[in-house]
Amino acid sequence: MLAWLGATIQAVSAGALRDNPGRSALALLGVVLGVALGVAVHLVNASALNEFTLAVHSLSGESDLTIRGPRAGFDESAYPSVARLAQVHSASPAVESDAQLAGRRESIRIIGLDPFRAAQVQPRMFAAMENTVTGLFDPDAVLLSPSAAEWLGLNPGDTLRITVGTATVALKIAGLLPPGAYRQRIAVMDIAAAQWRLQRLGRINRIDLRLRPGTDVENFRRTLLPLLPAGTEAVTPDADIERSAELSRSYRLNLDMLALVALFTGAFLVFSTQVLSILRRRTQLALLRVLGLTRPALTGMLVAEGALLGMLGSTLGVVLGCALAAWVLKHFGGDLGAGYFRSVSADLQIAPAALAAYWLFGTAFAIVGAAVPAIEAGRRAPALALRAGDEEEGLNRLHTTWAGAGLIAAGLLLTLAPALNGLPVFGYAAIALILLGALLLMPRLTTLSLRRVPAWRFPPAMLAVAQLQATPRQVAISIGAIVTSFSLMVAMLIMVGSFRQSLDEWLTGMLPADIYLRAARGTDAGFLTPEQQENIAATPGVVRARFMRSRNILLAPERPPVTLLARPVDTTSGNLPLVSAPFTLPANAPPAVWISEATADLHGLHVGDELRLPIGAHPTMFTVAGIWRDYVRQTGSIVIDRESYIRMTGDRLANEAALWLAAGNTFAELEQALHLRLGAAAGIEISTSRQVRIESLALFDRTFAVTYALEIVAVLIGLFGVSVSFSAQALARRREFGVLRHIGMTRREIGMMLGCEGALVAALGVGFGLALGCLVSLILVQVINRQSFHWSIDLHVPWLALAALASVLVVAAIGTATWSGRRVMTGDAVRAVREDW
Amino acid sequence: MSFEDGGFTRLRIASRSRRRLLALLGGLLATPHVHGQTNRRAAPGTPYAQVLPGTPLRFPRDEGSHPDFRTEWWYATGWLESARGPLGFQITFFRTRPELKLDNPSAFAPRQILIGHAALSDPAQRMLQHDQRVAREGFSLAGASPDRLEVWVDDWSLKQEGGVLRARIPARDFQFDLTLAATQSPMLQGDKGVSRKGPQPASASHYYSLPHLRTQGTLTRAGRTEILSGTAWLDHEWSSSYLDKDAAGWDWIGINLEDGGALMAFQMRTPQGGKFWAGGAHRAANGEQRVFEPGEVDFTPLRSWRSPRTGTEYPVAWRIRAAGLTIEVTPLMDDQENDTRASTGAIYWEGAVRALRDGAPIGRGYLELTGYWRRLRL
């Protein structure tokens, strides 16, 4: 008897799979894609981060403490005074510079070391370098890491050309660093050669210290700090890694969350598949009960089906995710678009714990998705379930209005919570709660809105409305599938669209001139000398020239450096996009600086506050006169009037120039004139403000490329959900179609009826999804974005794109509904009707 | 008269034996030998001073650094008496001036490289202990005074202090703080301190030795400080020119004789193990000095020791005939092998030895054996 029952159970379970392999496959695919994406994103990020950690370790070697200054470096006299301290075993000074490759957009990090000193701090690496280091006494010699050599396509003996200031410097590649010592793309020079060739005489960027055994690092750090020049800090390598990891943490979390969204939609797909599959098998399941299967056993069997789906999907997903991550790392490197790990070429780091977590997530989501209808099915009285027309009743228990409303309210409350440890954890939790709440509200909302649909004269439409009104809970599941994916899509679209629009407007405000001239883009080795500046301003065709100097300074040792921008400031003309209310500097207050939103957030500064900046010979006090929006420098920036800056520091160099073109002159003419006047200034890059804008927006799109990709997958899974629920319903309604055929409806009319149903369901789903998506987008823009990146975004709703997407979704739903109906109706109408008796 | 001394040989030995530190120099000391023969590489940025025969040595100025010459070293070796028996020590400072094509204004420019190396031979230990420091001159962290003997790398130093030499060597496993006091006048090697180093007259160096230095001071190991005294030998040599490169290895001794005399002898070996060149000098207690012709010096191995770690066989005991003098040398301990394979791949033997005549002790000194593990290549 038991064996026989077992066989029956197997037949019921396996039969369901066999009958609808496509549907089960879709649900499986949902889980697979969700898990795979999560795994891939996580592994790529973890690998890049791991690589980055290794890089920091290989740079700092066995050092206990690193003294580090701003990009422009600090006076080298700090080196002997630190090296002579009794607690210091060895001190290794270094020059670091990101130098632009001549004729290329990219830059390469050049590290100037004293090999004898570095050997004391990084003995392992230097043991492998014995034959190459003396070659470095040649001031033109440089060693490349193998990855840099591969990247540049250069071999020992070749020439590496870089831009320093505005001139090209040719360096001879004397050899390669030992493989494994430095995996990132770097070049190593002798420190003396680096100081000379990179125009850094008298300055160094870091000192790595090995302390004598028994020295308390933290105590020593405290005694060291007062001895260090202004603007430098002493950090342990671990703190260094921690801080750099923190910089990209928000971005990494955002990607992880998006991957989880895909997983969540996948789980919802399992849920809808299981609900409908259980509905379809309700008579078989009831029979099992009648035959003696206990209620828990039945529930267990149905949950096991979901678990099986989840485990299979998760396993496949983990494998696919690993493969995907390996592929991405191989072809695109460890950087997922945001540029945090741009120079890192990473190997795949398989993190078993993370894989296990995603596997469990996938399986658990699938089990939960299956458990809800399974528990419900177990509770049904077998006698009722054996009757026809019971489908709708089966969903009564899924009536959860109050829970849904409660979850949404809780979610809204959570949006008020501040960032946790610098991460918008509560913001994400709020979105999750609101999504879940909205899904729970769906049956109620569906019933209410279906009641308000007017009756149409056209019979297929009339029938469609009647059908939907009679089965609001089944409809709610279909709508739920649409709402889940569409709302997330809407939210992301609004967020990214708002961001892009804000950036566009910001760029317009920030780029008022016609032409921009930059010395060695994005690096710190490039600058314009005062003579060059005069020369540029005096070029015929230039009516006005404005110069900007940028350099990095350290405000707080535990925070990443902020960028100091010395430029002319005119707060009235809007050349600085202020977000704070106008502020008048009180009499005899220190001079004004304008800080970016990130500086304000990260350093807890407000308008009117005073702050000390390590510029000039002594740290100087300034007043925060305003807060401005800066989409470029995530770690914060501070604007100071260039005249005051020059007065205080004597630093007359500039990194950029904004030029206004005289009437009648073209860009091409001026560009040529500038190149002629500046001579062999290969490092100078001249572009129109339009080009700068296009480039910036292209960079933005590249950053969000991964986001778009994840979003598309979530949408695909959502569409699977819609098609699954339609096809399930169509199958379940075979008898109904038979009856309709018997009373005289044509197949075409039935098809139209199904199309109307699809349109109505999709319209409702899209409507609710839009509303929910707007709400979620508000949280993304106001809470998550602000807490992650510390800049504000103006809300812009891309209505056109949303309308287009909505139409696509409705059309897809109509198509799916009609198509599944047509497939079902291929059979004989008489037989279909007979099936019930 | 062609007069050969061991100085540059020792530099070459040193440049091999100290490959662990010299590895970083990548042959700074060694490459000149290769190029120097033909003067292929003129160095416009680095005009090295040349050794001129007839240049008299003046003290104490010539105890200091000669930065215009390519290479220079102060090389102290000796025996110390501890409560548990004799110990050998070796303290060396090298200065080398790299060939720089251009005059880099950077304060870090490697105008001079300074190297400190120290080793301790204690029969109670299983093997030799040693450590080294390398730094470029500058920032007062490393340097060599041109006026008097004062040379230092970080906290390692050897300097003239109140008429005696003071060596402070806080190495990793041991810390020396020694004074070395002269008891005899400097022993000028070669022709009044200008010594030929090969068949070509251009190969020469300035070279003097200070034998019989009365040595006192402390040795600290594992937090325990011992007061020690003994006798040491200092070589000071500087040059810009080169040795022949056809040798496969070298054997060298410097012995403080008990009768107050001093003996230095060396031989360079061919790849086949035969004598390629030899030389040395003997100064009697009365100051009478006898310089050896290459044909007057013979090294005959008496006993070999095989290193259990590397399998290398070293002739650690010798019979040495130098002109009319025949002595035997036996090591303070057999295992004075330096194994630096992990960093550079070089293995050599360098340590304290006793000198005997007819079985009776007549002196103590140092012996260097290189090229036994593998042929040394420059």
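## Backbone features in loops

Lys192(B) is partly exposed, because 14 other C-beta atoms lie within 10 Å of its own, where a residue counts as buried with 20 or more other C-beta atoms within 10 Å, as exposed with 12 or fewer, and as partly exposed in between, the C-beta atoms being placed from the backbone. The model is predicted, so that local features need pLDDT of at least 70 and side-chain atom pairs count only at pLDDT 80 or more, while totals for chains, interfaces and linings use all residues. Residues are numbered from 1 along each chain as its sequence is written, and chains are lettered from A and ligands numbered from 1 in the order in which they are written. Lys192(B) has a positive phi of about 55 degrees although it is not a glycine, and its place is in the loop of chain B between strand E10 (187–188) and strand E11 (194–196); helices (H or I, at least four residues) and strands (E, at least two) are DSSP runs numbered from the N terminus.

In chain A, Gln199(A) is likewise a non-glycine residue with a positive phi of about 55 degrees, and it lies in the loop between helix H7 (191–197) and strand E9 (203–204). Gln199(A) is partly exposed, with 16 other C-beta atoms within 10 Å. A further backbone feature belongs to chain B, where a cis peptide bond with omega of about 5 degrees joins Phe59(B) and Pro60(B). Pro60(B) is found in the loop between helix H3 (31–36) and strand E1 (71–82) of chain B.

## Chain B and Trp250(B)

The secondary structure of chain B comes to three helices and 23 strands, and 53% of its 378 residues count as buried. Taking the contacts in chain B between residues at least 6 apart in sequence, 61% join residues at least 24 apart, a contact being a pair of residues whose C-beta atoms, placed from the backbone, lie within 7 Å.

Trp250(B) sits in strand E14 (residues 249–257) of chain B and is buried, since 25 other C-beta atoms lie within 10 Å.

## Nonpolar cores

The largest nonpolar core has 136 residues, and those with the most contacts inside it are Val142(A), Ala187(A) and Leu114(B); such a core is a set of buried Ala, Val, Leu, Ile, Met, Phe, Trp, Tyr and Cys residues joined through C-beta atoms within 7 Å. Leaving aside neighbours within four places in sequence, Val142(A) is in contact with Leu160(A), Leu171(A), Lys172(A), Ile173(A), Ala174(A), Ala187(A), Val188(A) and Met189(A). A second, separate core of 134 residues includes Leu26(A), Val270(A), Met492(A) and Ala813(A).

## Helix H15(A) and its partners

Helix H14 (residues 401–414) and helix H15 (residues 425–451) of chain A pack with their axes 7 Å apart and at an angle of about 160 degrees, the axes being lines fitted to C-alpha atoms, for helices over the stretch in contact, and the angles running from 0 to 180 degrees between N-to-C directions. H14(A) is therefore roughly antiparallel to H15(A), given that angles under 35 degrees count as roughly parallel, over 145 as roughly antiparallel, 65 to 115 as roughly perpendicular and the rest as oblique. The crossing of H14(A) and H15(A) is left-handed, a term used if the near helix is turned anticlockwise from the far one by less than a right angle, with right-handed used if it is turned clockwise. By class, this contact of H14(A) with H15(A) has 16 nonpolar, four polar and one charged residues, where Ala, Val, Leu, Ile, Met, Phe, Trp, Tyr, Cys and Pro count as nonpolar, Asp, Glu, Lys and Arg as charged, and the others, Gly among them, as polar.

The axes of H15(A) and helix H25 (residues 747–789) of chain A come within 11 Å and cross at roughly 165 degrees, so these helices are roughly antiparallel to each other, and H15(A) passes H25(A) in a right-handed crossing. The contact of H15(A) with H25(A) has 14 nonpolar, four polar and no charged residues. With helix H17 (residues 472–510) of chain A, the axis of H15(A) comes within 8 Å at a crossing of roughly 135 degrees, and the two helices are therefore oblique to each other. H15(A) passes H17(A) in a right-handed crossing, and the residues of their contact divide into 11 nonpolar, four polar and one charged.

Technical notes
Contact = placed C-beta atoms within 7 Å.
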